[in-house]
Amino acid sequence: MNRGPLMNSGQRSVAWLLGWLCGGCVVSLCAAFTHADSVETSDREGEGGQACVEFEYNYRDLTEQRESRLVFDAFADEQGKTIRHIRYESRDIFDESDPDENNWLYRGFNELHINTREPVIAGQLLFAEGDSLRESLVKESERILRSRNYLTSAYIVPDVICPDYIDLLVVTRDSWVTEPELTFSHEGGETESGIGLKDGNFLGSGDAIAIRYAQDLERSSVSYEYETDHFMQTRLSTRVYYAQKSDGEDKAFRLERPFYALQVPWAAGVSTEDVSELSIIREGGDDINEFRHRNRDSEVYFGLAGRADSELTRRWLVGISREEDVFSATEDTTLEAPQDRRGNYGWVGLEVIENRFATYKNLNQIQRTEDIAMGVNYNLRLGYGGSQLGNERDLIRYWGNYSNVIGVGEHHILQLHADLNGRHYQSPESIDSGTLGAEMAYNWFRDDQNRWYIKLRYDLGRNLEQYEQLTLGGGNGLRGYPIDYQRGERRYLFNLERRYFSDLHLFNIVRMGGVAYFDAGRAWDDNIEGQDNPHLSNVGLGLRFSSSKTKVGNVLHIDLAMPLADRTGLESTQLLIKAESSF
């Protein structure tokens, strides 16, 4: 590849510094901040004198075609052919064939970055050389690769097609994941900041390592983390995490062989987490209670696929879980701390996935290809633990979630969701505790850049402790009010948004969007205070920023919201600055 003139030592030093700043500040600013013309073919003679067709691709045209959701049927007539060879093409972060990105600074970023190694990519494919071609496995392999934080895009296309065999080309583009993390958020009148160092693709291995310092109103912490979805280039996924905090410490460990693809026959894993922190309970903009909370959870599970075909995946799981919540009062505890709660139980689970996927653009991310699971998907889990497992009372534990994503033509998506999480304690007296929620969201694509978004959610709780209660305010729905402004065991929330996804690409790094919105909601039935909260509402405007060169799922929100109801004691506007996973 022609990288242009070499940099002198001064330019290289500036590139190194700005590389860190671009990877960090832009990320923190943006996240804490075939169409025949795209393919050329030529005929050649293959093995045994076979007439073969060799393809050459224009990456930018191919990307535009995929992101515009045009169908690429290159594999339609090739099912069952033997995969003779797989070639890998790792694209740099900045595209030096684009004149806007072919300069000494961006070439410097490319030189500093270590692209993802070929064995890392190869180990995640669901097929290998010598296998028969199955289009469904090719598409799912693309989705797996696109889900990785260290890649911004991934495509699998024919390289050479012959009568009896086919060669494949796997094209990936790396993202900038080596960065100082300079984070800042302001939400509901409270500010959180932090600094850290993270490499999400250490030496091109796909493994993430990080060290962070964070501070907010409640605590300061120093944390260390290692995480990978392909430990030692296997199908094992693991995470090791430790944080030393001013009010406690966190420890977490996970090791599992997950259901990494739809037709994987089995999965197994073990996980444990120990979190200690100071819980501050807020309402009406004031702190109303405080206590220490230590939560310890552990789980071992095993799962088998009962059905795994092109239409449906059904999985059965069994496991043993241990949950423990321990509370203690502090000198600022004004109400009683919750009672300790422990539960050991075995459980059986069912997971059902309708194997339908669609690709969208400008849905949750800005100018990104998004793989959306369509149709019905649900998880159910039911557990029981008696005295023989060390429980003081017999426990029935239940949990579940349901989703149904319905696409109506090219311009409408309806998303339905429900979730359930609760406990039933038997003798000496029966007690039920838990939450039930339902949500409906609607997206209307007026054109490639303009969207309407509507969401309505309702939640119902029963016998909830203070720290479990349903809240409204801040970034969780009512942007014109402080964090946890209302709380209780019932809640509704309505959001109406007019979204704009700009095609501006500042410095070929930053994507932008804008939103105007109306929020309304209420949380009530607070068993502690027994007060009847009023309905709340606000209007506001916001900006959205994301980086095209960093991992998918980081969108910086800057919102200015004005409360319309119950404004006593509130500022006329609320400013929120926060990194979210979607628009």
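**Exercise 1.** Does Met232 count as buried, partly exposed or exposed, and at what relative accessibility?

*Solution.* The model is predicted: local features need pLDDT of at least 70, side-chain atom pairs count only at pLDDT 80 or more, and totals for chains, interfaces and linings use all residues. Residues are numbered from 1 along each chain as its sequence is written, and side-chain values use heavy atoms, without hydrogens and water.

Step 1: buried means under 20% relative accessible area, exposed over 50%, and partly exposed in between (1.4 Å probe, protein chains only).
Step 2: Met232 has 64% relative accessibility, so Met232 counts as exposed.

**Exercise 2.** Find where Met232 and Leu203 lie, and give their phi values.

*Solution.* Step 1: Met232 is in the loop between β9 and β10 (strands are DSSP runs of E, at least two residues, numbered from the N terminus). Its phi is near 55°, a positive value in a residue other than glycine.
Step 1: Leu203 sits in the loop between β7 (190-199) and β8 (208-215). Leu203 is not a glycine either, yet has a positive phi of about 55°.
Step 2: Leu203 counts as partly exposed because its relative accessibility is 47%.

Notes
Helix = DSSP H or I, 4+ residues; strand = E, 2+ residues; numbered from the N terminus.
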